[in-house]
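Here is a brisk structural report. Please read it alongside the sequence and the 3D view.

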Amino acid sequence: MHVAYQDATEGTLRYAVGAPSAVGHTWTVKVLEQEGFAGAFSHVVDVGGSLKITHFSRALGGEPRGGRAVATP
């Protein structure tokens with residue numbers, strides 16, 4: 001199981017992989033470094049056999065600007 005989500009307290013994109021284990025699932029979680037405040041409305045997609053994560057990010061400070069971004073886990 002693959003899950004992408006935003007840690008809204010830090011504005012970071014996170015990626016978790018769950019694998020079946022004797023006690024349910026074992027989760028491996030990592031932060032995917034992105035510029036600005038990232039990870040909102042994330043979605044894991046398969047592009048030609050390679051996983052990508054689309055998400056919304058925005059720049060910090062100055063004029064508000066942002067948009068969709070793509071990350072590789």
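## Histidine 25

Histidine 25 touches Gly18, Ala19 and Pro20, leaving aside residues up to four places away in sequence. Contact here means heavy atoms within 4.5 Å. Histidine 25 sits in strand β3. Strands (E, at least two residues) are DSSP runs, numbered from the N terminus. With a relative accessible area of 40%, histidine 25 is partly exposed. Buried stands for under 20% relative accessible area, exposed for over 50%, and partly exposed for the range in between (1.4 Å probe, protein chains only).

Histidine 25 and glycine 48 are 23 residues apart in sequence. In space, their C-alpha atoms lie 27 Å apart.

## Basis of the model

This is a predicted model, in which local features need pLDDT of at least 70 and side-chain atom pairs count only at pLDDT 80 or more, while totals for chains, interfaces and linings use all residues. Residues are numbered from 1 along each chain as its sequence is written, and side-chain values use heavy atoms, with hydrogens and water left out.

## Sheet β1-β2-β3

Three strands make an open sheet, ordered β1-β2-β3. Their pairing is antiparallel. Two strands pair if DSSP finds at least two bridges between them. β1 (2-7) and β3 (24-32) are the edge strands. Each has a single partner strand, so one side of each lacks a neighbour in the sheet. On average, neighbouring strands of this sheet are turned by 30 degrees against each other, direction ignored. The axes are lines fitted to C-alpha atoms, and angles run from 0 to 180 degrees between N-to-C directions.

Six bridges link β1 to strand β2 (residues 12-21), in the antiparallel sense. Across this pairing, alanine 4 stands opposite tyrosine 15 in β2.

## Threonine 12 and tyrosine 5

Threonine 12 belongs to strand β2. Its relative accessibility is 17%, so threonine 12 counts as buried. Which residues does threonine 12 touch, not counting those up to four places away in sequence? They are Tyr5, Gln6, Asp7, Val31 and Ala38.

One of these, Tyr5, lies in strand β1. Tyrosine 5 counts as partly exposed, at 31% relative accessibility.

## Salt bridges

How many salt bridges does a search of the whole structure find? It finds two. The criterion is a side-chain nitrogen of Lys or Arg within 4 Å of a carboxyl oxygen of Asp or Glu. Aspartate 7 bridges to arginine 14, with the closest N and O atoms 3.0 Å apart. Arginine 14 also forms a salt bridge with glutamate 10; here the closest N and O atoms are 3.9 Å apart.

Aspartate 7 is buried at 15% relative accessibility. Arginine 14 is buried too, with a relative accessible area of 18%. Glutamate 10, in contrast, counts as exposed at 53%. Shared partners join Asp7, Glu10 and Arg14 into one salt-bridge network.

## Nonpolar surface patch

Met1, Val3, Tyr5, Trp27 and Val29 form a nonpolar patch on the surface. Together they have about 450 Å² of accessible area. Areas come from the Shrake-Rupley method with a 1.4 Å probe; for residues, only the protein chains shown count as cover. Patch residues have over 30% relative accessible area and no salt bridge; nonpolar side chains (Val, Leu, Ile, Met, Phe, Trp, Tyr) are joined within 5 Å, like charges within 9 Å. β1 and β3 each contribute at least two residues of the nonpolar patch.

## Sheet β4-β5-β6

Another open sheet of three strands has the order β4-β5-β6. The pairing is again antiparallel. β4 (37-47) and β6 (66-71) stand at the edges. Each has a single partner strand, so one side of each is left without a neighbour in the sheet. The twist averages 25 degrees from one strand to the next.

β4 and β5 pair over seven bridges, running antiparallel. Aspartate 46 has leucine 51 in β5 as its bridge partner. β4 and β5 form a hairpin, with two residues between them. In the turn, glycine 48 has a positive phi of about 60 degrees. Strand β5 (residues 50-58) is joined to β6 by six bridges, also antiparallel. Arginine 58 stands opposite glycine 66 in β6, and isoleucine 53 faces alanine 71 in β6.

Definitions and conventions: Helices (H or I, at least four residues) and strands (E, at least two) are DSSP runs, numbered from the N terminus.
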